[in-house]
Amino acid sequence: MIGLNFLVLGMDSIKELWMNKLKKLWEKQRLLIKLIIMSLTLVVLTLLIMYGTMISMTKNRVIHDYGEQILNIGHEVAADPRVIEAVESGHTSSEIQNYASKEEERFQLDYLVIILKNSTRLTHPNKELIGGHFQGENDQNRALDQGESYYHTGNGPLGRSLRGFVPIYNKQNEVIGAISLGIMSPNLKRFIDRTNHSLAVSLVFSLLIGSFLSFLLAVSLKKQMLGMEPQEIAKVLEERNAMFRKTRDPIILVDTKGYIEYMNETAQAVWPFANGKCIDEILKKINIHQVDQLQLVESRVVYRSYVASLTAVKNGKQLRGYLIILRDTSELKTLVQQLDNSEYFAKQLAEQNHEFMNKLHVIYGLADFERIEELKRYLEQLSQTEFCLNQIMPLLINNSVLAGHLLIHQANRLIYEEISVETEVPEPTNYQETSSWLEEMHFFEDWYQEKRSKTSRASLSLDYQEGELITDIWLDGLDELQIESAESSFVNRRYWQEDQVIEPTVHLRLNIKYGG
């Protein structure tokens with residue numbers, strides 16, 4: 001007894017040891033292998049269950065079909081006049097025996113036995129059994145006594161078989177005998193095995209196809225997970241959450257229709273009830289389809305403006321949504337605008353006031369000394385004087401950044417010999433328009449400072465037409481190397497038109513979508 005207990009404990013220990021080894025081995029496998037194994041196991045188990053169920057159904061179906069078939073044969077034989085006459089006479093004959101043999105061959109039966117009301121055989125494949133009492137499980141009585149037609153699997157002198165019984169009626173519709181016919185179990189089994197063979201072939205093909213599809217499914221799932229293992233995904237997710245959660249800039253993730261799916265802590269503090277809402281409900285002037293470009297947007301909830309940076313979130317080539325990073329620029333933007341405007345207007349007013357006072361002093365002096373002719377000439381000269389750029393700039397350019405940039409260059413004349421504004425320039429519709437213009441102008445000015453010579457001269461003309469800010473620059477006095485440099489440096493840039501270099505004067509045109 002003690003030895004048996006030790007044996008059981010030893011078996012349990014070995015089982016536990018192997019289970020631990022299998023568990024560790026499973027945990028070491030990569031996700032792709034696990035997915036393939038699990039999907040293959042599922043396919044194999046499903047197919048085997050289906051195969052077993054279909055075998056059982058096939059066996060029952062074959063027995064049912066053959067049972068109905070032998071009953072139909074039995075009704076045909078029982079209705080034959082020769083059979084009825086032989087049964088009524090109560091004696092066998094060579095004619096009735098030959099008839100029974102032919103019917104067996106005709107319908108591929110293993111036996112066809114005609115029996116009398118008292119269960120005496122008139123025919124039988126074994127001639128020695130003719131005239132004897134019907135042997136079996138007394139299963140002929142339902143046909144002889146009750147006139148039923150039925151089939152079942154039972155035992156007889158020839159062995160186990162699918163047996164059918166059909167009563168024989170005379171003209172008075174009385175049961176006078178019965179037909180017993182059937183197929184032996186080995187032959188029936190061959191029919192079933194033939195059907196099962198087709199099922200087995202289908203099973204093999206199904207396993208091959210299922211294995212291939214399981215492999216494709218596993219590879220597809222692995223690909224959708226960007227080839228990473230679950231622990232790697234968890235690590236990346238934790239790092240992303242930590243980075244997004246603690247950053248001071250609001251970060252919002254929206255789907256392709258603009259509905260908010262995720263907000264970091266900073267964004268939730270500003271818009272606490274915005275989850276699930278459309279981004280347009282909390283931000284004005286935002287276009288989620290304008291990715292990889294800066295947008296100046298405003299909050300609908302609080303009076304605050306942001307510079308929005310949008311990036312498309314994709315899984316392969318499929319667009320999943322957009323990541324929006326907002327940088328609060330309301331204070332800085334307001335301060336810069338106030339400083340720019342105040343400084344600009346203060347300087348302009350101071351200069352114009354100083355110039356006006358000087359002219360008043362001249363007029364007062366000439367009038368005081370009664371130098372009337374000189375005063376007339378001076379007033380006539382003032383009436384013919386054209387307005388300078390710094391006087392008309394505030395009237396034509398409704399963008400303090402552009403105006404300030406041009407006024408600085410007009411004042412120092414380090415780059416442009418002449419600056420002109422052809423038409424009124426409206427306010428920009430977004431921050432990116434001004435930023436793009438300044439970026440391209442700084443690129444040109446850096447290039448010109450590097451390539452210019454003592455003889456080179458530049459002039460600039462600013463124009464606005466149908467939603468485009470057009471900046472024309474004419475360069476004179478460039479040598480061949482400088483012209484080639486202009487061709488290679490500007491022609492292929494995004495906002496500069498092609499075919500802009502016209503010798504000997506180089507004409508560059510900058511087109512920016514603006515104010516439209």
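I take a salt bridge to be a side-chain nitrogen of Lys or Arg within 4 Å of a carboxyl oxygen of Asp or Glu. The model I am reading is a predicted one, and my search of the whole structure for such pairs finds 7 salt bridges.

**Entry on the pairs.** I looked up Arg106 and Glu76, whose side chains meet at 3.3 Å, N to O; Arg106 sits in helix α4 (residues 94-107) and Glu76 in helix α2 (residues 31-78), 30 residues apart. Arg106 is exposed, at 52% relative accessible area, while Glu76 is partly exposed at 39%. I then turned to Asp472 and Arg509, which form a salt bridge at 2.6 Å, N to O. Asp472 belongs to strand β13 and Arg509 to strand β14, so this pair ties together parts that are 37 residues apart in sequence. Asp472 is buried, with a relative accessible area of 7%, and Arg509 is partly exposed at 26%. I also noted that salt bridges with shared partners join Glu76, Glu103 and Arg106 into one network.

**Entry on the core.** I found 35 residues in the largest nonpolar core, where Ile397, Trp437, Phe444, Leu462 and Leu475 touch the most other members. Among the elements that each supply at least two residues of this core are β13, α14 and β14 (506-513), and α13 gives the most, with 6 residues.

**Entry on the surface.** I noted a nonpolar surface patch of about 930 Å² of accessible area together, whose members include Val201, Phe205 and Val219. Phe205 lies in helix α6 (residues 185-224) and is exposed, at 52%. Elsewhere I recorded a negative surface patch formed by Asp479, Glu480, Glu484 and Glu487, with Asp479 placed in the loop between β13 (468-476) and α14 (480-490).

Key. Residues numbered from 1 in each chain as written. Predicted model: local features only at pLDDT ≥ 70, side-chain atom pairs only at ≥ 80, totals over all residues. Heavy atoms only, no water. Patch = residues over 30% accessible without salt bridge, like charges linked within 9 Å, V, L, I, M, F, W, Y side chains within 5 Å. Areas by Shrake-Rupley, 256 points an atom, 1.4 Å probe, with all protein chains shown as cover. Helix = DSSP H or I, 4+ residues; strand = E, 2+ residues; numbered from the N terminus. Buried < 20%, exposed > 50% of the residue type's maximum accessible area, 1.4 Å probe, protein only. Lys, Arg positive; Asp, Glu negative; His and termini not counted. Charge placed at Lys NZ, Arg CZ, Asp CG, Glu CD. Core = buried A, V, L, I, M, F, W, Y, C linked by side-chain atoms within 4.5 Å.
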